[in-house]
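Dear colleague,

Please find below the structure that I am handing over to you.

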Amino acid sequence: LDETAASADAADARDVASRLARENAERALADAEARVAAERAECASLREALASKLRDEERDADASALSSRSAGRRLIRVWASRTKRNAKLRVLRAVHMRRCLASRFNLWRKRARAQTKLRATRRRRDAA
């Protein structure tokens, strides 16, 4: 009877030890699962923060690219208008210069003819 009681006590002790070990293992598993869930939540929040930061930087880069592109277009438009205006001014300047030279040449030619006539008149007068 003592052996049966001793073996029953040993079996009970084994049951208690295995139940305690199982409870400890379940507790450790629950703790590990909680840590994994916390790490996953932190990872998700970090991923969301990173995505938000990347979106903000991309938006800033797009805005700066758009502004620089529009500034470039504006500069090209101003340059084109200046070159068109300069081309028109060059044409006008050339026309003005040609007319000015033509009028000066005509004035010189008239003076030369007047001088020639005057000399011829003086020669005739002196000869007479």
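Glu26 is partly exposed in this predicted model, with a relative accessibility of 47%; buried means under 20% relative accessible area, exposed over 50%, and partly exposed in between (1.4 Å probe, protein chains only). The side chain of Glu26 meets that of Arg22 in a salt bridge, at 4.0 Å from N to O. A salt bridge here is a side-chain nitrogen of Lys or Arg within 4 Å of a carboxyl oxygen of Asp or Glu. The two residues, Glu26 and Arg22, are four residues apart in helix H1 (residues 2-127), and about one helical turn separates them. Helices (H or I, at least four residues) and strands (E, at least two) are DSSP runs, numbered from the N terminus.

The model is a prediction, in which local features need pLDDT of at least 70 and side-chain atom pairs count only at pLDDT 80 or more, while totals for chains, interfaces and linings use all residues. Residues are numbered from 1 along each chain as its sequence is written, and side-chain values use heavy atoms, with hydrogens and water left out.

The structure holds four salt bridges in total. Among them is the pair Lys53 and Glu57, at 3.6 Å from N to O; both residues lie in helix H1, four residues apart, or about one turn of the helix. Glu57 is partly exposed, at 44% relative accessibility. Another salt bridge joins Glu48 to Arg55, with 3.3 Å between the closest N and O atoms. Glu48 is partly exposed at 46%, and Arg55 is likewise partly exposed at 43%.

Turning to the cysteines, a disulfide is a pair of cysteine sulfur atoms within 2.5 Å, and the count by this rule is zero. Cys43 is partly exposed at 37% relative accessibility, and Cys100 is partly exposed with a relative accessible area of 23%.

As for the chain as a whole, it has one helix and zero strands. The radius of gyration is 54 Å, well over the 14 Å that the globule rule gives for 128 residues, so the chain is more spread out than a compact globule. That radius is taken over C-alpha atoms, and the globule rule is 2.2 Å times the number of residues to the power 0.38. Along the principal axes, the C-alpha atoms fill a box of roughly 185 × 15 × 10 Å. Of the 128 residues, 0% count as buried.

Yours sincerely
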